[in-house]
Amino acid sequence: MKKLILEWIRIIIGLFVFAFGVHLTIFANIGLAPWDCLGMGISYHTPLNYGLSMTLIALTVLGIDVLLKEKIGFGTIIDALLTGNFVQFFNSFNPFKLNDKLWLGVIIMIIGFVFMALGMEIYMKSEQCCGPRDALLVGLGKRMPKVPIGIVEVILWGVVLLFGWLLGGPVGIGTLISTFGAGVVMQFVYTLIRFEPRDLKHRGVIETIRYIKQTDTKAHKAI
């Protein structure tokens with residue numbers, strides 16, 4: 001059980017680092033990535049702030065993941081509940097005004113991608129499944145086997161971005177940079193730190209519960 005708690009703490013730390021990276025991409029003020037654009041758009045038309053809007057989106061996507069019968073881990077659930085609120089925390093307490101220079105915004109956004117990649121590395125090493133949006137991408141990809149996963153991702157992001165734009169979410173050069181540049185920066189960072197996400201063996205909620213029961217049984221027998 002102690003090992004599991006440490007893994008959950010690792011997930012939370014990773015999401016905190018990731019959220020700081022997302023905050024930087026917002027602070028750059030040159031346009032948002034598709035999902036963030038949607039979250040900001042929702043916040044403009046509801047009493048919800050950005051963090052709660054993103055939590056609502058994540059929980060909705062989580063529900064879709066369950067319907068698609070994708071593997072859901074405790075990491076997926078923690079991600080859905082905390083990430084948006086962590087980003088809102090940084091947004092609320094950043095003492096600096098939003099950036100107003102394009103060149104500086106590009107630099108800030110790229111630095112944000114680096115923090116996002118590092119946060120994901122910390123979080124994913126707990127091996128308790130990916131976030132809701134990644135699970136959705138995988139689920140859709142399975143149902144469109146003849147379509148390359150990259151194309152599926154572009155279609156998904158396109159739909160999300162359209163709704164975000166219709167709701168008034170910020171769209172700009174940063175949106176393009178996020179769509180095509182975040183993955184490149186992530187790959188560079190993972191190559192640098194020698195991290196390969198595909199080598200991980202994720203445990204779903206059911207597998208984790210079984211692990212807890214086995215650990216408790218062994219503990220009782222030891223007593």
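## Helix packing and core in a predicted model

Helices α1 and α5 are roughly antiparallel to each other, because angles over 145 degrees count as roughly antiparallel, under 35 as roughly parallel, 65 to 115 as roughly perpendicular and the rest as oblique. Their packing angle is about 165°, and their axes lie 7 Å apart. Axes here are lines fitted to C-alpha atoms, for helices over the stretch in contact, with angles running from 0 to 180 degrees between N-to-C directions. Helices are DSSP runs of H or I with at least four residues, numbered from the N terminus.

This is a predicted model: local features need pLDDT of at least 70, side-chain atom pairs count only at pLDDT 80 or more, and totals for chains, interfaces and linings use all residues. Residues are numbered from 1 along each chain as its sequence is written, and side-chain values use heavy atoms, with hydrogens and water left out.

The α1 and α5 crossing is left-handed, meaning that the near helix is turned anticlockwise from the far one by less than a right angle. Contact means heavy atoms within 4.5 Å. On the α1 side, the contact includes Arg10, Phe18, Val22 and Thr25. On the α5 side, Met109, Gly112, Phe113 and Met116 are among the partners. By class, this contact has 18 nonpolar residues, 5 polar and 1 charged. Ala, Val, Leu, Ile, Met, Phe, Trp, Tyr, Cys and Pro count as nonpolar, Asp, Glu, Lys and Arg as charged, and the others, Gly among them, as polar.

Look at Thr25, in helix α1. Thr25 is buried, at 5% relative accessible area. Buried means under 20%, exposed over 50%, and partly exposed in between, with a 1.4 Å probe and protein chains only. Not counting residues up to four places away in sequence, Thr25 touches Gly31, Leu32, Asp36, Met109, Gly112, Phe113 and Met116. Thr25 and Ile107 are 82 residues apart in sequence, yet 9.6 Å apart in space, C-alpha to C-alpha.

Now turn to a second pair. Helix α2 (residues 34–45) packs with helix α7 (residues 149–166) at about 25°, with axes 8 Å apart. The two are therefore roughly parallel to each other. Their crossing is left-handed. Helix α2 brings Pro34, Trp35, Cys37, Leu38 and Gly41 to the contact, and α7 contributes residues including Leu156, Trp157 and Val160. This contact has 10 nonpolar, 2 polar and no charged residues.

Next comes the core. The largest nonpolar core has 44 residues. Such a core is a set of buried Ala, Val, Leu, Ile, Met, Phe, Trp, Tyr and Cys residues joined through side-chain atoms within 4.5 Å. Val22, Ile26, Trp35, Tyr50, Ile57, Met124 and Tyr190 have the most contacts inside it. Among the elements that give two or more residues to this core are α1 (2–27), α3 (50–67), α5 (102–124) and α8 (173–193). Leaving out residues up to four places away in sequence, Tyr190 touches Ala117, Met120, Glu121, Met124, Phe195 and Pro197.

Finally, the loops. Glu127 lies between α5 and α6. Glu127 has a positive phi of about 55° although it is not a glycine. Its relative accessible area is 24%, partly exposed. Cys129 is also in the loop between α5 and α6. Cys129 has a positive phi of about 80°, again without being a glycine. Cys129 counts as buried, at 5% relative accessibility. Lys69 sits in the loop between α3 and α4 and counts as exposed, at 74%. Lys69 and Leu136 are 67 residues apart in sequence and 10.0 Å apart in space, C-alpha to C-alpha.
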